[in-house]
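Me: Got a model here that I'd like to go through. Can we start with helix lengths?

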Amino acid sequence: MNKKTISLVLGLMCVVLSFGIAVQIKTINGTGTTISTNTRENELRDAVLKAKEKYDNLYKKLEDMETQLETERTNSTQNNDELTKLENTIKGGNKILGLSEVKGNGIVITVDDNQNIALSSWYADPNWLIVHDIDIINIVNELKNVDAEAISINGQRIVSTSAIECDGNVIKVNGQKIGAPFVIKAIGYPELLMGLDRFGGYLDYLRDERFLNVDIEKVDKEDIIIPKYTGVMKFEYAESK
Amino acid sequence: MIYIAIIIGCIIGALIGINAPVIPYTYSTFLAIAVVAALDSVFGGITSVLKKNFDLVIFISGFFCNSLLSIALTYLGQKLNLDIYLAALVVFVGRMFTNLTIIRRYYIEKWTVKLEEKRKSMGQ
């Protein structure tokens, strides 16, 4: 047995070994917890992971299909004026409904709970220091007042069927749970949208009287991207007249 | 030479592992036990090289048999709701310590002999 072969075999073994360690570390990191010896718990966790993976795969497939549909549509309507017009109508409608991703100028508002004041030195209601659903609703209302064309909260697009509701210590938007800090993106005329920061406005109230961390930023390089609404809009009872 | 090969192997393996996909969580226990078996094999390999009785067939078959048995035990343990893989773990880690002792003794002895020779030559 010469030394070359031995070191080759041991080296290969080490490749396997550190490969296993790296994959294991990645897996554990992805789960976010240490190894549990409880089999039942592992099974449940695995079921959740599998469901998530399946959902992600299906969602990816859906997106692929949608892009395919898009290309097919443009291909088939390319040489026909009337169809191109219809296609543009559909695109415009989707933009208004919130079913397509949009980008443009606007503002980004970040609202976060107050974490600087210790509750032991705070004698008023601690709820005062937390962002509530009503605060988000008021901000969204103000944004709509100044003609924001597209609004998203933590990546959830606000559409005609969106609800903003309290769900314990988180807020539900479009049925999805989101938590602080809340990043509200709005597309519109930036100077007009910056009016939200006016003295006596709701953001001013949140900042000065509720002591929340409020940050407002004007973006005028057309790089606010607001994702599309990913849910399903059902119209079963309303009929067009 | 052997240690250089081991280090290079570790680096290559880590690089492959970082880019590899994640395995399902249920199988992570099996992978962990296989990793420990591989670690044990590497230690055993180094020891046998130092003892000059390294045998390729024994080394590789030992690695596969050990990992397969420990994975089977882990599976059985999951079915019986008893952590049998702990037994395999104790054996592997225990053997790793024994092998480490042998490796350590070998190098310390070598070092002492060298030191002794140096002292003798200095004395002359």
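Reply: First a definition: the expected span of a helix is 1.5 Å times one less than its number of residues. Keep in mind that this is a predicted model.

Me: What span should helix 2 of chain B have, and how far apart are its end C-alpha atoms?
Reply: Helix 2 of chain B has 24 residues, so at 1.5 Å a residue it should span 34 Å. Its end C-alpha atoms are 34 Å apart, which agrees.

Me: What comes just after helix 2 of chain B?
Reply: B:K52, which takes a positive phi of about 60°.

Me: How many residues of helix 2 of chain B are buried?
Reply: 18 of the 24, so helix 2 of chain B is largely enclosed by the rest of the structure.

Me: Packing next. At what angle do helix 2 and helix 4 of chain B cross?
Reply: Roughly 25°, with the axes of helix 2 (residues 28–51) and helix 4 (residues 85–123) of chain B coming within 9 Å. Angles under 35 degrees count as roughly parallel, so helix 2 of chain B is roughly parallel to helix 4 of chain B.

Me: Left-handed or right-handed crossing?
Reply: Helix 2 of chain B passes helix 4 of chain B in a left-handed crossing. Residues making the contact include B:I33, B:V36 and B:F43 of helix 2 and B:L89, B:F92 and B:M96 of helix 4 of chain B.

Me: And by class, what is in that contact?
Reply: The contact of helix 2 with helix 4 of chain B has 17 nonpolar, 4 polar and 3 charged residues.

Me: Is B:T29 buried or exposed?
Reply: B:T29, in helix 2 of chain B, has a relative accessible area of 13%, and under 20% counts as buried.

Me: What does B:T29 touch, not counting residues up to four places away in sequence?
Reply: B:T29 touches B:T74, B:Q78 and B:Y85.

Note on methods:
Residues are numbered from 1 along each chain as its sequence is written. Chains are lettered from A and ligands numbered from 1 in the order in which they are written. This is a predicted model: local features need pLDDT of at least 70, side-chain atom pairs count only at pLDDT 80 or more; totals for chains, interfaces and linings use all residues. Side-chain values use heavy atoms; hydrogens and water are left out. Axes are lines fitted to C-alpha atoms, for helices over the stretch in contact, and angles run from 0 to 180 degrees between N-to-C directions. Helices (H or I, at least four residues) and strands (E, at least two) are DSSP runs, numbered from the N terminus. Angles under 35 degrees count as roughly parallel, over 145 as roughly antiparallel, 65 to 115 as roughly perpendicular and the rest as oblique. A crossing is left-handed if the near helix is turned anticlockwise from the far one by less than a right angle, and right-handed if clockwise. Contact means heavy atoms within 4.5 Å. Ala, Val, Leu, Ile, Met, Phe, Trp, Tyr, Cys and Pro count as nonpolar, Asp, Glu, Lys and Arg as charged, and the others, Gly among them, as polar. Buried means under 20% relative accessible area, exposed over 50%, partly exposed in between (1.4 Å probe, protein chains only).
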